[in-house]
Amino acid sequence: MSADARAAGSRWRSLGRRTLTGLNPALESLLAGAVGLLVGALLMKMWGYSPVKAYAALFQGAYGDLYGFASSLARGTPLILTALTFSICVRAGMFNIGAEGQLIVGALAAVTVGYFTLPAALHVIVALIFAMVAGAAWSIVPALLKTARGVSEVISTIMFNWVSHFLAFYLVANILTDPIRGEKTISVPLSARFPLLVRGTDLSYGLFAAVAFAVVMYFILWHTVTGYEVRAAGLNPTAARYGGINSRRTMLLSFILGGMGAGLAGACIVMGEPPTYAVFSGLGNIAGVGFDGMAVAMVGRNHPIGIIIAAVFFGGLTAGGRIMQLTAGVPLEMVRVVEGIIVLAMAVPELVRLFRFIRSQFRRVLGGRSAQ
Amino acid sequence: MKYFWGIFFISLHAMVPLVLTAVGEIIGETAGLFNIGLEGILLTCAFMGVVGAKMGGPAAGLLIGMGIGGLIGLIFSIINTYWKGNQMITGIGVNLFALGFVAFGLIMLGSPGFQAVPASGRLAPIQTPVGSLSPIIFVALVVPFLAHWFLKRTRAGLILKAAGETPEAADVAGINVNLVRLLATTFGGVLAGLGGAYISVSWIGSVTKEISAGRGFIALATVVFSGLNPLLGLLGGFIFGFFESLATWIRNLPGSKAIPWQFIAMIPYVVTLLVVAGVVGRVRFPKALGEPYKRE
C-alpha cells in the first residue's frame, strides 16, 4: 500500500471514529430508553400484565395514527420547554429542578389575561409575556440566593416548588376562582387561546411557540457571545473566570431564560389544551410536567434539537400510556417508572461501553461453556 | 403548658425522618457521594413500609423500609462509584422512579392515592402522662451520637473522611475508595429507608403519593445546616421539625381561619430556605464531594 493510500485510509478511519463518537450520545439515549422499557416490562410481568400487549397498545396509541401522533406532540409541547429550562441551567453548570414551580406560576399568570379583553393576536402575546415574566421572576430568587449566598439551587428550587404548589392552591380557591365552577380558575378567553392545529385533537399552535423558543435558545447558546460565556462557565468555571467571564451574570441569565421557558410551558398548557383552558385546584392538568422535562432534557442530551426529538418520545409515552391503560389495563403511572429508569440509565456515562463490556463478559461465559 | 407539650411532641415526631435521613446523608457526603434521591427513598420506603406492615406487622414494615432504602442506596452508589455516574442525574432518576412507583403501587393495592396502615400494622406508641411517643424517636435521638462517635473517634470514620477529602491519597494508602463510598451511601439509604417507613408505619399511619412532602430535600438542607456534624444534624432536624409542627398546630387552632391554610403550609419550606441562606458560606464540604473517583 502506498503512503498516500495509507494516509487516506487512516483519514477515513479517523473520520469513521469521529462519526461514531458523534453517534454515541444518540446511541446512549436509545440504549437508555431500551433499558427503561425493559425494566418496565419486567415490572409489568411481575404484576401479571402482558408487556407485549401493553407496549403494542402504547406505541400504537402514540404513533399509530394521526390522532395519536397529534396527542403525542401535544403532550410533548410543554415538555420541550421545561426540558429547555433544565438544559440551559445544566449548560451553565447548575441543576435547576424548579421547572415545576416556575411552570405553575406561569400557568397562573397566563390565566389572569381572562380579566381583560384585547384583540386576539395581542391577547395571546400579552398572555405569553405574563407567563414568561412570572416564570422568570419565580426562578430569579433561587438564582440570587445562589450567587449572593451560595445556597444550593437544588434545595432552593425544590422549596420554591412547594411554595408555588400551595400558592396555586390558594389562588385557585380564593382569587382566580371561576364563579361558576369553584374547583378551577377562570378560563383563558377565546381570544387568548392558541388555535388548534389538528381538528379533533388537543394539538395547538403552542407547538410552534415551543419550537420557536427552542430555536431561539439554540441561537443564544451557540451563536452569541453571551451564550458562549454561559457554556464556558458551565464547562469549566475556573477557566471561565480567568477568561474574564462573570459567572454570576451567566448563572442569573441561565435561570432567567430557564424560568421564561417554564413559564411559557405553563402558558402552553392553559392556552392550548382543550377543553378547559384553566388551572384546576388539584393542579391535575399541570403537575409533573416540570419533572418530566428533566428526563426529556437528559435523553435529548441537553441540546435543543435533541430535546425536541426526546419530547416527541416522552410525549408519546404519556399519550400512548393512556391508550395502554385503556386497552391493556396497565396504569398510566407505569410510564413514570419507565421514565425514572431511563434517567438512571442516562446517569451512567459511556453506557454503550458498559453494555459492550457486559455483552463481552456474557460471550466469554457462554463461549467457555460451549467449549467444554 | 398543654400547648408546649403538644408542639414539643409533634416536633419530636416530625424530626425523626429528617434526622435519620440527614445523618445517613452526612455519612454518605463525608465519604464523597451527594445523594439528592433521598426524597425518592423516603417516598418509596413509606409505601413499602405499609406493604410490609400489612403482611407482617410493624417490625416487618420498618425492616422492609430499611431493606428497600439500602437497596436504592446500593444501586445509587454502584452507579456513582464503579460506573462513574453523575450523582445529580442519578438522584433525579431515583426521585422520578419513586413518584411513578408509589403511584403505581397504590393502584396495585386497590386504592389510588391513599392507603391506610391497618391497626395491627401500626407501631405501638409509648404512652406518657402528657402524650404518646413513637419508639423510633429514641432511635433518632441515639443515632446522631453514634454517628458522631463513629466519624470522630474511630479509624473507620477517618477512612470515610479520607475517601471524601482526598480519594487519591486514600487510594495510595491502600483504601478501596469505591467500596468505602458504596458502604457509606448504602448505609445512608438504610437510615433514610427507616425514616420513610417510620412516616407511614409509626407516625401518620397511612401513605399517599405526596407523603414525603419535600422532607428528603429538607434533610439535605439539614445536612447543609449541620456542616456534616451529626449532632448539629440532630439540632437542625429538630428545628425544621419544630416549624413543621408549628404549621400543623396553627392550622388546628380555632382562630386560624383568618390566615389561609395554604400560607401556613408554606412555613416549613420558607423557613428551610431562610435557614439555609443564613448558614451557608461558613460551611465547608469535602473536597471530592460529588466527583466520581477515577484512578489516573
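Of the 372 residues of chain A, 51% count as buried, a residue being buried if 20 or more other C-beta atoms, placed from the backbone, lie within 10 Å of its own. This is a predicted model, in which local features need pLDDT of at least 70, side-chain atom pairs count only at pLDDT 80 or more, and totals for chains, interfaces and linings use all residues. Residues are numbered from 1 along each chain as its sequence is written, while chains are lettered from A and ligands numbered from 1 in the order in which they are written.

Chain A has 14 helices and zero strands; helices (H or I, at least four residues) and strands (E, at least two) are DSSP runs, numbered from the N terminus. Its C-alpha atoms fill a box of roughly 80 × 60 × 40 Å along the principal axes. A compact globule of 372 residues would have a radius of gyration near 21 Å, and the 23 Å of chain A agrees with this; the radius is taken over C-alpha atoms, and the globule rule is 2.2 Å times the number of residues to the power 0.38.

Between the chains, 38 residues of chain B are in contact with 39 residues of chain A, contact meaning C-beta atoms, placed from the backbone, within 7 Å. On the chain B side, the elements giving two or more residues are α3 (87-108), α8 (215-226) and α10 (261-279) of chain B. Of these, α3(B) gives the most, with 14 residues.

In α4(B), the buried residues include B:Ile136, B:Val143 and B:Leu151.

Definitions and conventions
Contact = placed C-beta atoms within 7 Å. Buried ≥ 20, exposed ≤ 12 C-beta atoms within 10 Å, placed from the backbone.
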